[in-house]
Amino acid sequence: MLVRPRRNRISKTIREMVKETILRPANLIYPLFIVEGKQIKSEVKSLPGNYRWSLDMLIPEIQECINMGIQSFILFPSVDDSFKNSTATYSYNEKNFYLKAISAIKEEYPNICLISDVAMDPYSSDGHDGYVRDGEILNDETLPILGKMAVAQAEAGIDIVGPSDMMDGRVEFIRKELDKEGFKNVGIMSYSAKYASAFYGPFRDALDSAPKEGNKKTYQMDPANSTEAIKEAKLDESEGADYLMVKPALNYLDVIQLLKQNSNLPIAAYHVSGECAMLTAACENGWLEYEKAMPETLLSIKRAGADIILTYFAKDYAKLLKEGKIPL
Ligand code: PBG
């Protein structure tokens with residue numbers, strides 16, 4: 001035998017030397033749910049280890065994450081039903097606790113990167129991402145609402161806005177609105193290939209944001225499609241997106257790779273709530289070992305081509321690294 005691939009795996013030192021994929025905490029974005037009030041830390045039942053935080057409790061939690069090496073966060077509001085309506089007006093109301101939280105967090109930690117969600121669903125009485133009229137989820141009529149939402153978030157101090165409704169013309173419209181208001185340096189992370197997936201369940205539990213009627217198939221992509229993801233990505237790029245996102249991540253590793261090969265923009269992958277919940281459940285049952293299965297999972301998303309990973313395991317991953325339990 002002239003060729004023995006095992007020689008390159010013979011020792012830990014050699015294995016580390018030939019390692020092809022490295023995942024640093026700086027590549028991770030940690031999703032956090034915010035709720036109005038004080039002294040609230042209420043666990044999302046279907047996503048153990050994740051909470052709806054009131055701002056006063058969230059501030060020290062963010063400090064803990066920073067101490068672990070996590071520097072980027074995506075924030076989602078859990079809005080009381082009494083503030084929801086068909087046009088999501090609360091999303092850009094200056095009294096909105098989510099906007100106030102963005103300002104407070106940026107004031108406390110000016111060097112972190114804060115990312116927002118720009119979609120109607122947390123604020124919509126219909127539970128859809130767009131404006132619903134006579135049962136139809138309207139594309140163009142939703143745009144001005146999203147524009148106001150993005151500008152309000154920029155005014156609050158957000159670093160990157162994340163249009164997540166997977167409808168048409170979002171990036172260009174939001175880019176123009178932001179520029180018009182002087183927010184040229186606020187970035188856009190576009191949910192370019194977001195699928196109509198069954199894996200968003202725990203997230204919708206967290207925000208109580210499930211659609212009241214119907215489903216999201218007229219705007220989110222069909223899980224059967226991948227060339228369509230390239231079309232969506234190219235459109236977002238031409239409209240001025242700074243990052244492209246694939247969502248979910250694990251069942252769509254091929255799509256992550258495809259976008260990486262077809263774009264020069266950084267590719268983000270959203271390791272969504274249902275994907276994290278599955279692994280957590282298996283580990284809680286003793287069927288998988290969390291400290292091994294979790295880092296392997298995140299590494300596989302990076303290896304597929306994701307530059308950035310949004311994951312509910314961000315803090316735990318950074319902690320394992322810090323404790324020296326996994327190699328960098
Ligand atoms: C909707 C939005 C969803 C998620 C992020 N933004 C849910 C949906 O499309 O219904 C899901 C994230 C997750 O499951 O972790 N704007």
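A polar side-chain atom of K247 lies 3.3 Å from a nitrogen atom of the ligand, a polar contact in the sense of a pair of N or O atoms within 3.5 Å (within protein, one must be able to donate a hydrogen and the other to accept it, and residues adjacent in sequence count only if both atoms are side-chain atoms). Taken alone, the ligand exposes 400 Å², and 100% of that is buried by the protein, with accessible areas taken from the Shrake-Rupley method with a 1.4 Å probe, where for residues only the protein chains shown count as cover. The model is a predicted one, in which local features need pLDDT of at least 70 and side-chain atom pairs count only at pLDDT 80 or more, whereas totals for chains, interfaces and linings use all residues. Residues are numbered from 1 along each chain as its sequence is written, and side-chain values use heavy atoms, with hydrogens and water left out.

Two further side chains make contacts of this kind. An N or O atom in the side chain of K216 is 2.7 Å from an oxygen atom of the ligand, and the side chain of D129 places an N or O atom 3.4 Å from a ligand nitrogen. Around the ligand there are 17 residues, of which R204, K216, K247, S273 and Y312 come nearest, a residue being counted as near if one of its heavy atoms lies within 4 Å. This shell divides into 7 nonpolar, 3 polar and 7 charged residues, where Ala, Val, Leu, Ile, Met, Phe, Trp, Tyr, Cys and Pro count as nonpolar, Asp, Glu, Lys and Arg as charged, and the others, Gly among them, as polar.

Turning to the charged pairs within the protein, the count comes to 17 salt bridges, each defined as a side-chain nitrogen of Lys or Arg within 4 Å of a carboxyl oxygen of Asp or Glu. One of them joins R170 to D165, with the closest N and O atoms 2.9 Å apart; R170 is buried at 3% relative accessibility, and D165 is buried as well, at 0% (buried means under 20% relative accessible area, exposed over 50%, and partly exposed in between, with a 1.4 Å probe and protein chains only). In the salt bridge between R133 and E141, the N to O distance is 3.9 Å, and here R133 is partly exposed at 42%, as is E141 at 35%. K180 and E177 also form a salt bridge, their closest N and O atoms being 3.0 Å apart.
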